[in-house]
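Please consult the sequence and the structure as you read.

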Amino acid sequence: MYTQLQQRDMSEPPMNISTLASIRSQKEPIACLTAYDASFAVLVDQAGVDLVLVGDSLGMVIQGHDTTVPVTVDDIIYHSKNVSRGLARAFLVADMPFMAYTSPAQALDNSVRLMQEGGAMMVKLEGGAGQVRIVEHLAQHAIPVCAHIGLRPQSVHKIGGFKVQGRDSDQAKQMVADAIALQEAGADIVLLECVPNELGKAVTEAVRVPVIGIGAGPHVDGQILVLYDILGITQGRLPRFVENFMPGSDSPGEACRRYVQAVKDRSYPAAEHCFS
Ligand code: KIV
């Protein structure tokens with residue numbers, strides 16, 4: 001009766017939190033990308049991406065907003081449903097949008113919707129030790145959680161822009177303490193955005209769960225980027241951690257495969273993608 005989750009006519013079983021943890025323990029980098037629709041979900045899945053995130057970055061790259069703040073739970077569910085239909089192997093994580101987790105009860109209701117209606121296997125929420133109560137409540141109800149720390153785009157108006165975080169040593173110590181507290185509260189993955197390499201290393205060494213970085217340097221357990229950024233679709237000034245994999249690729253699928261290969265052989269991120 002467990003066959004659906006274990007094999008879908010595939011040579012390899014689909015990813016789950018145990019297989020992600022075992023990739024980490026074998027010291028193989030975990031390759032992750034965002035996706036927002038079924039067609040691209042098929043491409044990234046076939047490219048060998050281990051984890052796909054339906055990120056609230058969809059507010060910027062799909063909806064054309066300047067920030068992720070306007071994204072709603074219904075938006076995430078709509079895109080997550082579409083992505084889940086395109087995936088066979090990759091693990092599907094869906095973002096909890098701005099103000100969707102202000103209390104344990106609200107967080108649980110919205111997580112259940114992302115999983116039952118959106119097909120997500122894990123929810124991601126932004127915040128440090130202040131989210132411990134929420135993460136504990138979700139973990140007590142067997143909701144897998146990814147805790148997003150470092151640069152938290154939902155707080156952009158409070159932070160005052162998309163900036164590197166943790167350059168100050170007190171802030172760096174607090175971030176390591178936050179990662180540990182979130183892990184102890186039940187977080188299964190930590191996502192670390194836009195921090196200096198050394199802090200990426202310190203957080204990764206401080207916790208047992210996989211740490212996925214975006215602009216967090218080469219020492220984390222895996223890398224994630226926004227799909228439209230690696231395909232050269234996003235216009236304007238891009239963060240330094242972005243690499244466009246379209247030049248030299250004859251199709252978007254090949255660009256995704258080259259991204260996965262670069263993460264796996266650690267040629268991405270290179271020094272020019274990192275912060276000190
Ligand atoms: O929303 C998103 O796509 C994200 C990634 C940038 C990690 O949170």
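This is a predicted model: local features need pLDDT of at least 70, side-chain atom pairs count only at pLDDT 80 or more; totals for chains, interfaces and linings use all residues.

Q: In which pocket does the ligand sit?
A: A molecule is assigned to a pocket if more than half of its atoms lie within 2 Å of the grid points of that pocket. By this criterion, the ligand sits in the largest pocket.

Q: How many residues of the shell around the ligand are charged?
A: The surrounding residues include Thr34, Leu53, Gly55, Lys124 and His148. The shell divides into three nonpolar residues and four polar ones, and the number of charged residues is three.

Q: What is the distance from an oxygen atom of the ligand to an N or O atom in the side chain of Ser57?
A: A polar contact requires a pair of N or O atoms within 3.5 Å. For the side chain of Asp56, the distance to a ligand oxygen is 3.0 Å, and for that of Asp95 it is 3.1 Å. For the side chain of Ser57, the distance is 2.5 Å.

Q: What percentage of the area that the ligand exposes when taken alone does the protein bury?
A: Taken alone, the ligand exposes 260 Å². Of that area, the protein buries 95%.

Q: How many disulfides does a search of the whole structure find?
A: Cys274 is also a buried residue, at 9% relative accessibility. Its sulfur is too far for a bond with the closest cysteine sulfur, in Cys194, because they lie 11 Å apart. Across the whole structure, the number of disulfides found is zero.

Key
Residues are numbered from 1 along each chain as its sequence is written. Side-chain values use heavy atoms; hydrogens and water are left out. A residue is near a molecule or strand if one of its heavy atoms lies within 4 Å of it. A polar contact is a pair of N or O atoms within 3.5 Å; within protein, one must be able to donate a hydrogen and the other to accept it, and residues adjacent in sequence count only if both atoms are side-chain atoms. Accessible areas come from the Shrake-Rupley method with a 1.4 Å probe; for residues, only the protein chains shown count as cover. On a 1 Å grid over the protein atoms alone, a cavity is a set of points where a 1.4 Å probe fits but cannot get out, and a pocket is an open set with protein on both sides within 12 Å along at least five of seven lines; lining residues have an atom within 4 Å of a point. Ala, Val, Leu, Ile, Met, Phe, Trp, Tyr, Cys and Pro count as nonpolar, Asp, Glu, Lys and Arg as charged, and the others, Gly among them, as polar. A disulfide is a pair of cysteine sulfur atoms within 2.5 Å. Buried means under 20% relative accessible area, exposed over 50%, partly exposed in between (1.4 Å probe, protein chains only).
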